[in-house]
Amino acid sequence: MNILILGSGGREHALAWKIAASPLTSKLYCAPGNAGIAREADCVALDLDDHAAVTAFAKKKKIDLVVVGPEAPLCAGIVDDLEAAGVKAFGPGKWAARLEGSKGFTKDLCKANNIPTAAYRRFKQAAAAKTYVREHGAPIVVKADGLAAGKGVVVAETVDDAEAAIDMMFGGGLGQPAWEIVIEDCLIGEEASFFALCDGETAIPLASAQDHKRVGDGDKGPNTGGMGAYSPAPVMTDAMNKRVMDEIVLPTVRALKTIGAPYKGVLFAGLMITDTGPQLIEYNVRFGDPECQVLMLRLMSDLVPALTAACDGQLKTFDLRWHPDTALTVVMATKGYPGPYGKGSTIDGLDDAAKVEGVEIFHAGTRADGSRILANGGRVLNVCALGKSVAEAQARAYQAVDRINWPEGFCRRDIGWRAVAREES
Ligand code: AMP
């Protein structure tokens, strides 16, 4: 098969690594890609906002499958446009991608289908939202509708904080004024991510993971796109995985089919595991980054037939095999991230680092300059490792990190700490 991956981060490098290893893959392209992806695929400079250009490329190169990495093109309807032109594409169409694009849509869908999620109200005006917050009390969660790259959520500890968040969101503090906000109850428990593969009719479980969103050790400091992750999530027992499939994922897939927006692709459920069971915090309509990297390391089966079966509505009898070991990834970022940072610093020692047992390094934001690898973004590298325990995977990943010579970079030193503490106790 000729396969085209869309995207340029660590998630897409992990997908490219796995897809390139499939005996079904004859030619692999990635647009736009990065320096690491270039080892697995031909990188092409396509603008993902230009659906006509992507479609024309796919037609010209006789692409059998397009795999869409990030959410923005999915929410903009790239899968619909490719399929309309007769090109098979993995990922949800625009209507189904509202699960990530609109919090109000998702909350209403959950309510109508008894899918467990925090109680909520939708507001279009600040005054009514503030009255609700004052009546309800804190802690309370304020969310802006629409894609906000992880910045549209404020978990307010006090009523004053909640009112300030409402003013900020309606006042354009997220770039443009929110057209609607959702205010919901604050859930208490342990967070985990759960991934499922969907074919429009049904879904099969992929695996679970946990990530570290804060930039600093001890989960302190500003939020980021993710500084590390591990899979599986210890809190996700077999029984909990089954509850998530039965109570959350499968009812969602059925509901979307019923409203004429069948969901194909990866469904990523952000969960709070509470005393009474799993609650949905949010949906994403694609693989997580960096969660995808640890999932690909644990996946023993060929990914390509699974992606094809999802596109073709053939998942019902599909089965995937997973490595029982833990996979863990440490994100290396440019100093300054998630604030302003420089570009173009040189990274050395990558080949030596990759020799550590069980280690795989994915590039998130790099470019090549001759034989040199240069940093080209905020999150730059994913140093991943498999291990018999979380502690072993963690030790291997940091052994590799320590072989990388990149003075302008940094990483957290405690990825997986909660899971390691659980193992030790
Ligand atoms: P979201 O973008 O919806 O995933 O929210 C970002 C983060 O805010 C989540 O990962 C949670 O840590 C937190 N969060 C969101 N909604 C809630 C909630 N209802 N209760 C507690 N924490 C929440």
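**Reading the sheet, the helices and the core**

Tutor: Begin with a strand pair. This is a predicted model, and in it strand S1 (residues 2-7) and strand S4 (residues 65-68) run parallel, joined by 4 bridges. Within that pairing, Leu4 has Val66 of S4 as its bridge partner.

Student: In what order do the 5 strands of the open sheet come?

Tutor: The order is S3-S2-S1-S4-S5, with parallel pairing.

Student: Which strands does helix H1 lie across?

Tutor: Helix H1 (residues 10-20) lies across S1, strand S2 (27-32) and S4, and runs at about 170° to S1.

Student: How are two packed helices described?

Tutor: By the angle between their axes and the distance between the axes. Here, the axes of H1 and helix H10 (residues 291-298) cross at roughly 15° and come within 8 Å. Angles under 35 degrees count as roughly parallel, and H1 and H10 are therefore roughly parallel to each other. Their crossing is left-handed. Residues that meet there include Ala14 and Leu15 from H1, and Met296 and Leu297 from H10.

Student: Which residues have the most contacts inside the largest nonpolar core?

Tutor: That core has 53 residues, and those with the most contacts inside it include Leu4, Val66 and Leu99. Helix H9 (residues 238-258) gives the most to this core, with 9 residues. Another core, of 43 residues, lies apart from it; Ile204 and Trp322 are among its members.

Technical notes. Residues numbered from 1 in each chain as written. Predicted model: local features only at pLDDT ≥ 70, side-chain atom pairs only at ≥ 80, totals over all residues. Heavy atoms only, no water. Core = buried A, V, L, I, M, F, W, Y, C linked by side-chain atoms within 4.5 Å. Buried < 20%, exposed > 50% of the residue type's maximum accessible area, 1.4 Å probe, protein only. Helix = DSSP H or I, 4+ residues; strand = E, 2+ residues; numbered from the N terminus. Pairing = 2+ DSSP bridges. Contact = heavy atoms within 4.5 Å. Axes fitted to C-alpha atoms, helices over the stretch in contact; angles between N-to-C directions. Parallel < 35°, antiparallel > 145°, perpendicular 65-115°, else oblique. Left-handed = near helix turned anticlockwise from the far one by under 90°.
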